[in-house]
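Here is a short briefing on one structure. It covers a strand, a helix and some charged pairs.

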Amino acid sequence: MKAAWLRSKTRAHILTLKYLHWPNIFADKPSVEVYLALNDPHSFMLVQVLHDLEQRFNIKLKLFLIYEAVPSISIDPKLRRAWALQDANYIAQQYGLKAIAGYPSAKALVTGQQLWQLQEKNVTQAMKIFEQTWFDEFDFYYNPSTPLINFQIKNQQRLNNKGHYLPATLFFAGDWYLGIDRLLHLERKLIALGLIHTDKINKYTANLLTDNQASQDESDNTDSERLSNENTCEVFVSLRSPYSYIGFEKVKKLAQKYNTRLIIKPVLPMLMRGLEMPINKSRYIYFDAHREANLANIPFKTFNDPLVQGIVNCYEIFSYAEFTGKAVAFISAAFEAIYVNNYDLSQHQVMKLICQSINLDYHKAKEYAQQHDWQQWSDVNQTELETLGFWGVPCFKYQEIICWGQDRLVPIEIAMQNRNPEKIND
């Protein structure tokens, strides 16, 4: 019921009325709240495009400075910190923004935060302070102070109370948009509400894949042994991760189009590794994943949580599915059961039906699982994932390209196109 509510049109209408129409009855422009952190690379990318949003749309931006993230959000802060810098520069390259070589020094960070508190909170000043902080362009430096910490804590609480947990986020009409990657959704919302000054175009589309739908008469050959072992893409997923489902569906279509073999490497969900999932994070992930699935024309109707027994049942069967060359087909059927058909994977009868749907012998799979411990290969996959520099899923590796996230597959598609140039204009 909670999942259905998060994706319902009724919820969207109520939030639009609550956060847009009522508060802005006497306002000249509807407001968009922007939460930034001076030591967050994605915030630095986002602040560079805020002027563009103000110029193109009839909106008022309200800026709030917060810390990098609330406690207990990142699984591996060190890995995430390294990735954030690299990923921000990837975004900078996509949109022609200023790149960054490293994180700001402690004294530059404190001085930037102090200046933010003292100066007017507008886009021009924000951009100036971010540049001074990241490129260390200050003529003098402030010392840390209690007010400096307090105002950021207050803004952090505001962010949390409204339902999010990360910086580089925008809040408009009850919905959240994380970083430049989700500005496409914000643009579409603002255009639909008639709040655009210029032509009705979307600018922030660099991470969209080309039309990679496989033709209806094309068989699912991504498990086939005849595909070259050199032309393979490794896919790290968790069945409980909505982003894994979307990323898997996207890369499966790419593999079909570019004759690429997929190697599926499942890992355990966070909660089965003893990690916590804050409620704001789980809500946003589900809502955002549903939004991203709709954008990619991927079915996403429900979520029947497979946690613990459902995961165990699937991973036991997966060992045999992989052995018989049906790993992709099995994971595809399992994802469909969770996110489309609302099947309970903890039920053995459901697992039998899934096996039947892909012509996999359920009883042989259970016998095979007794001799092949799924926990061993799952641990190996997790260790390999961490070796690649990532802490979670989905993650994709094709040739020398490694990316994290269902919205980072463009470089992989380009590499597949270069290997299969005849497919570029199909």
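Strand β1 (residues 31-36) is largely enclosed by the rest of the structure, because six of its six residues are buried. Buried means under 20% relative accessible area, exposed over 50%, and partly exposed in between (1.4 Å probe, protein chains only). This is a predicted model: local features need pLDDT of at least 70, side-chain atom pairs count only at pLDDT 80 or more, and totals for chains, interfaces and linings use all residues. Residues are numbered from 1 along each chain as its sequence is written, and side-chain values use heavy atoms, with hydrogens and water left out.

**Strand β1**
- Both faces of β1 are covered: S31, E33 and Y35 are buried on one side, and V32, V34 and L36 on the other.
- In a regular strand the side chains alternate between the two faces of the sheet.
- Helices (H or I, at least four residues) and strands (E, at least two) are DSSP runs, numbered from the N terminus.
- β1 pairs with strand β2 (residues 60-65) in the parallel sense, over six bridges; two strands pair if DSSP finds at least two bridges between them.
- L36 stands opposite L65 in β2.
- With strand β3 (residues 169-172), β1 pairs in the antiparallel sense over three bridges.
- The bridge partner of E33 in β3 is F171.

**Helix α16**
- Buried residues in α16 are W374, W377, S378, N381, Q382 and L385.
- Seen down the axis of α16, the buried residues fall within an arc of 145°, so they line one face of the helix; the arc is that of the directions from the helix axis to the C-beta atoms.
- Q376, V380 and T387 are exposed on the other side of α16.
- Cover for the buried residues of α16 includes β5 (232-237), β6 (261-266), α12 (309-323) and β7 (395-398); contact means heavy atoms within 4.5 Å.
- Just after α16, G389 takes a positive phi of about 100°.

**Salt bridges**
- A salt bridge is a side-chain nitrogen of Lys or Arg within 4 Å of a carboxyl oxygen of Asp or Glu.
- The count comes to 19 salt bridges.
- E292 forms a salt bridge with R182, with the closest N and O atoms 3.7 Å apart.
- E292 lies in helix α11 (residues 279-295) and R182 in the loop between β4 (175-178) and α9 (183-192), so the pair ties together parts that are 110 residues apart in sequence.
- Both E292 and R182 are buried.
- K366 and E316 meet in a salt bridge through their side chains (2.9 Å, N to O).
- K366 lies in helix α15 (residues 362-371) and E316 in helix α12, so this pair ties together parts that are 50 residues apart in sequence.
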